[in-house]
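Please keep the sequence and the coordinates in view while reading.

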Amino acid sequence: MVYGSEVVFPTMNEEGYVGRLLECLERQTYRNFEVGVADTSSTDHTLEIAKGFLKRLPLKIVEDTLPGVSNGRNAGAAAGTGQYILFLDADGVFPDDFLSIMMREVKRRGLGIATARLWFNSWNVFDCFGVGNMIAYCAIVACTGHPLPGGFCILVPRVYPH
């Protein structure tokens with residue numbers, strides 16, 4: 001089956017996050033998507049948790065990809081069929097209408113790439129500093145007319161229109 005979109009996220013020892021993200025995806029109002037989990041050799045229970053969703057979501061699990069976030073994203077995208085690919089990080093969560101809004105806006109505006117605003121739920125000083133800087137950077141770059149999305153949320157067409 002070919003889906004309208006594919007949600008891809010790499011994992012490595014994400015047992016504290018992967019279930020929460022998959023539950024979030026399970027609640028989406030937009031249903032024409034598949035999920036690609038690309039594991040880069042987790043040594044915890046990440047894969048067992050993800051496999052628990054095999055009957056609940058159209059889920060493909062790619063195991064033992066080459067190390068690194070980019071390799072995981074590439075392996076996950078290669079395993080899917082969606083017309084659009086949404087790259088996320090395993091620790092992301094979002095509202096139930098997130099995919100619906102993203103897909104509607106990308107199509108309505110004819111965008112070749114899209115991202116979303118980021119909110120975070122952590123008071124860890126390193127999280128606050130890192131995410132705060134990322135938000136500020138994205139806001140500054142957006143003012144230039146050449147926005148640059150972060151790897152935590154990038155929506156692109158599988159085949160870029162020429």
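**From the core to the charged pairs**

Beyond its neighbours within four places in sequence, F9 is in contact (heavy atoms within 4.5 Å) with V18, L21, L22, L25, V35, G36, V37, A38, L88, D89 and A90. A second, separate core of six residues includes V8, I85, I154 and V156, where a nonpolar core is a set of buried Ala, Val, Leu, Ile, Met, Phe, Trp, Tyr and Cys residues joined through side-chain atoms within 4.5 Å. Buried means under 20% relative accessible area, exposed over 50%, and partly exposed in between, with a 1.4 Å probe and protein chains only.

The model is predicted, with local features requiring pLDDT of at least 70 and side-chain atom pairs pLDDT 80 or more, while totals for chains, interfaces and linings use all residues. Residues are numbered from 1 along each chain as its sequence is written, and side-chain values use heavy atoms, leaving out hydrogens and water.

The largest nonpolar core has 29 residues, and those with the most contacts inside it are F9, L22, L25, V35 and L86.

Turning to charge, a search of the whole structure finds nine salt bridges, each a side-chain nitrogen of Lys or Arg within 4 Å of a carboxyl oxygen of Asp or Glu. In one of them, E34 pairs with K60, the closest N and O atoms being 3.5 Å apart; E34 is buried at 2% relative accessible area, whereas K60 is partly exposed at 32%. In another, R108 and E105 have their closest N and O atoms 2.7 Å apart, and salt bridges that share partners join R104, E105, R108 and R109 into one network.
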